[in-house]
Protein chains: 2
Amino acid sequence: MKSVSEFDSDSPRHRAPTIKDVAARAGVSTATVSRYLNGSPVRQAALVRDAIEALAFRPNQLARSLKSGSTRSIGVLVPDIANPFFADVVKGIESVLRTGEYSLLLCNTDESVERERSVSLTLLQKRVDGILMAPATEQSEAPLILRARHVPVVFVDRRIASDGFDYVLVDNAAGARQAAEHLVSLGHERIALISGPLDTTPGRERHAGFEQGLQACGLEIRPEYLQVSDFREEGGYQAAFRLLATQPPPTAMFVANNLMAIGALRALHSLGVRIPEEMSFVSFDDLALAELTTPPLTVVSRPSTEQGVLAMRLLQFRMDQGDEPATREIVLETRLIVRGSTAPAPVPAPAT
Amino acid sequence: MKSVSEFDSDSPRHRAPTIKDVAARAGVSTATVSRYLNGSPVRQAALVRDAIEALAFRPNQLARSLKSGSTRSIGVLVPDIANPFFADVVKGIESVLRTGEYSLLLCNTDESVERERSVSLTLLQKRVDGILMAPATEQSEAPLILRARHVPVVFVDRRIASDGFDYVLVDNAAGARQAAEHLVSLGHERIALISGPLDTTPGRERHAGFEQGLQACGLEIRPEYLQVSDFREEGGYQAAFRLLATQPPPTAMFVANNLMAIGALRALHSLGVRIPEEMSFVSFDDLALAELTTPPLTVVSRPSTEQGVLAMRLLQFRMDQGDEPATREIVLETRLIVRGSTAPAPVPAPAT
DNA sequence: TCGAATTCAGATACCGATTTCATCCGCGCA
DNA sequence: TGCGCGGATGAAATCGGTATCTGAATTCGA
């Protein structure tokens with residue numbers, strides 16, 4: 001083999017230039033280049049700058065992170081990025097990230113604890129500086145693994161059973177209660193509920209809040225009017241179908257999230273059920289076209305993007321503070337937006 | 001200061017265990033542990049396994065990546081994750097990732113070339129193995145920087161001016177043409193267009209396709225019926241308002257994406273314009289509630305999630321193949337879904 | 001003009017893994 | 001019993017940066 005020293009030293013085929021290449025070109029040591037990069041005063045600054053420019057050198061963040069212990073990246077675990085709510089949350093997170101140099105590692109968990117676990121381990125290996133997550137269930141163990149490793153974790157929208165974590169939540173119970181009271185105040189008595197999984201915070205709290213709201217008005221939810229579903233469009237579709245098959249059918253329904261609401265509406269639509277004449281309809285979470293449907297939808301709305309923003313701020317704080325023991329919990333307000341999909345009950349209840 | 005050697009060596013306060021800790025505990029060398037981790041036959045396998053178990057050791061991916069040159073992560077650049085289309089694309093990407101051990105670094109570019117540039121540089125420093133992006137404009141320079149560094153890049157939904165890249169696109173022109181022909185076939189002549197930015201592929205192609213479609217039917221778009229907007233909801237709202245102020249107003253409109261369509265619908269709604277009696281409405285991209293509005297919306301639909309899946313597959317291929325020169329271009333079909341928001345023109349055109 | 005204080009540069013250890021290379025061990029066979 | 005061989009092992013180099021330590025050069029005051 002002939003000598004290829006020229007190739008070796010001068011034109012590293014596809015190799016990204018390293019600090020060594022810069023040092024050689026500028027005629028200084030790598031330590032000096034490193035100092036230049038980090039703002040220390042360097043006499044030959046001009047030479048170093050030119051060398052960096054000429055080679056289009058970009059310091060390898062991996063090497064930096066390995067030494068410094070900080071990767072400047074955070075993990076975000078959401079059940080479903082195609083759910084507009086979580087897309088909004090992620091957008092909120094992203095908008096705060098932007099100010100710094102952090103990156104966002106996004107993971108879909110598909111509501112699966114198994115996947116949540118494996119993804120958490122991967123993030124652990126990748127040494128993210130912090131994690132924002134909406135756990136799959138309240139019994140998720142992944143967060144505990146993370147805490148054992150002292151990775152800061154902030155929960156968005158959902159709790160887990162064990163405490164000692166930071167949270168950014170919304171007042172699900174109050175929102176659902178408002179929805180219940182609204183329906184009752186319109187004279188409804190045959191009221192149905194399409195719930196989410198009861199081992200998730202929003203599922204449980206919205207369910208409980210709605211029942212509470214009814215009970216406060218002296219009503220109970222009949223078993224046949226209760227459908228526990230899965231927060232998915234298809235689940236909402238099926239549930240609505242089952243509800244409509246009961247005799248007599250309900251005159252009002254509350255659907256516990258946006259995707260199930262879409263599914264339920266599709267079902268009502270396909271059965272030709274008129275809203276609100278035959279069925280009053282309220283759901284949790286606003287939807288892009290909610291005010292443009294006919295009738296426009298009455299919903300329990302909440303600040304989705306803000307949930308993301310606040311969660312990221314909390315995580316920032318947590319990452320800076322290290323092991324501050326006090327935990328923080330932010331609970332945002334929901335708002336009932338009454339549009340046209342709810343109306344007085346068709347057969348007025350007898351007055352007391 | 002007193003000696004704290006016990007702390008140093010025995011109870012590493014918050015430090016994650018390293019391969020060295022495992023080696024010490026198992027009484028072997030780090031090389032052996034490494035070999036065990038990578039599947040080489042090791043005599044003391046049981047001891048090593050126990051040590052790993054006991055310490056809950058997880059190899060530091062940073063160190064691995066530094067040595068191997070592969071980070072097992074890819075960057076994804078989208079203009080707006082809150083746009084349901086891009087959320088679907090990302091979900092598609094994610095679903096392919098899942099099979100392997102890759103992670104996804106998500107970046108919002110907000111349609112800004114400046115932000116796109118800075119984010120690309122960050123990803124470069126993070127040494128991602130590949131990048132999927134929907135460039136902000138066709139003149140984006142970020143991809144060229146990436147190519148200079150030999151990072152595989154696949155474009156989703158949008159092109160850039162320079163060639164030599166892989167693409168997963170949809171046939172925007174055909175979709176827009178179909179929309180145009182559909183409106184003309186209903187007898188419309190006063191047809192308006194709300195376009196996206198013309199320096200983006202979908203903006204340009206849908207615009208051109210729609211004009212072509214009209215021209216093929218012997219129609220021209222009147223200047224006052226043309227609004228070039230920005231793919232955002234607010235932009236669509238404004239544009240629709242301006243269109244409705246013309247005299248005479250158009251009897252039909254085509255809106256070039258989902259968010260602008262929502263904005264435009266809001267405007268029409270607030271002005272009390274009846275659809276389809278006074279205005280036929282078609283838009284590009286399906287929407288979650290599109291078939292539940294009254295009337296249900298006629299749209300040009302396309303396989304969003306599939307675009308993500310295919311793009312990720314292409315990137316996988318590209319990352320495996322290295323510097324295969326041949327580029328691939330996948331163009332998916334659109335589909336016109338005629339629902340109720342388009343109807344015959346109110347004043348029939350005189351027959352030939 | 002000399003000595004002390006201050007800067008700045010270079011050599012080198014280090015972060016936590018992988019990998020090469022030389023060594024060593026046990027085993028089979030003569 | 002001795003030799004050779006295959007396979008497992010440990011020491012050490014390496015990836016690309018940062019940080020410490022030491023030595024040299026500069027500056028300043030006396």
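How far is a phosphate oxygen of DNA strand D from an N or O atom in the side chain of Ser34(A)? The distance is 2.6 Å. This is a predicted model, in which local features need pLDDT of at least 70 and side-chain atom pairs count only at pLDDT 80 or more, while totals for chains, interfaces and linings use all residues. Side-chain values use heavy atoms, without hydrogens and water, residues are numbered from 1 along each chain as its sequence is written, and chains are lettered from A and ligands numbered from 1 in the order in which they are written.

**The two copies**

Chain A can be laid on chain B by a turn of 180° and a shift of 0.0 Å along the axis, with an RMSD of 0.0 Å. That is the relation of a two-fold axis. Of the contact residues of chain A, 100% recur in chain B, so the same surface serves both copies. Contact means heavy atoms within 4.5 Å, and copies are superposed by least squares on the C-alpha atoms of residues with pLDDT of at least 70 in both.

**The sheet**

Helices (H or I, at least four residues) and strands (E, at least two) are DSSP runs, numbered from the N terminus. Two strands pair if DSSP finds at least two bridges between them. An open sheet of twelve strands has mixed pairing and the order E11(A)-E5(A)-E4(A)-E3(A)-E1(A)-E2(A)-E2(B)-E1(B)-E3(B)-E4(B)-E5(B)-E11(B). Its edge strands are E11 (329-332) of chain A and E11 (329-332) of chain B, each of which pairs on one side only. On average, neighbouring strands of this sheet are turned by 20° against each other, direction ignored.

In chain B, strand E5 (residues 166-170) pairs with E11(B) in the parallel sense over four bridges. Val170(B) has Leu332(B) in E11(B) as its bridge partner.

Helices lie across the strands. Helix H13 (residues 304-321) of chain A lies across E1, E3, E4, E5 and E11 of chain A and runs at about 170° to E5(A). Helix H7 (residues 113-125) of chain B lies across E2 of chain A as well as E1, E2 and E3 of chain B, at about 175° to E1(B). Axes are lines fitted to C-alpha atoms, for helices over the stretch in contact, and angles run from 0 to 180 degrees between N-to-C directions.

A residue is near a strand if one of its heavy atoms lies within 4 Å of it. Around DNA strand C there are 26 residues, and those that come nearest are Arg35(A), Arg43(A), Ile19(B), Ser34(B) and Asn60(B). Sugar and phosphate make up 69% of the atoms of DNA strand C that come within 4 Å of the protein. H5(B) gives the largest share of the surface near DNA strand C, four residues.

DNA strand D also has 26 residues around it, with Ile19(A), Ser34(A), Arg64(A), Lys67(A) and Thr32(B) coming nearest. Here the largest share of the surface, four residues, comes from H5(A).

The table lists polar contacts, which are pairs of N or O atoms within 3.5 Å; within protein, one must be able to donate a hydrogen and the other to accept it, and residues adjacent in sequence count only if both atoms are side-chain atoms.

| Residue and part | DNA atom | Distance |
|---|---|---|
| Ser29(A), polar backbone atom | phosphate oxygen, DNA strand C | 3.0 Å |
| Arg35(A), polar side-chain atom | base nitrogen, DNA strand C | 2.7 Å |
| Ser34(B), polar side-chain atom | phosphate oxygen, DNA strand C | 2.6 Å |
| Ala63(A), polar backbone atom | base nitrogen, DNA strand D | 3.4 Å |
| Arg35(B), N or O side-chain atom | base nitrogen, DNA strand D | 2.8 Å |
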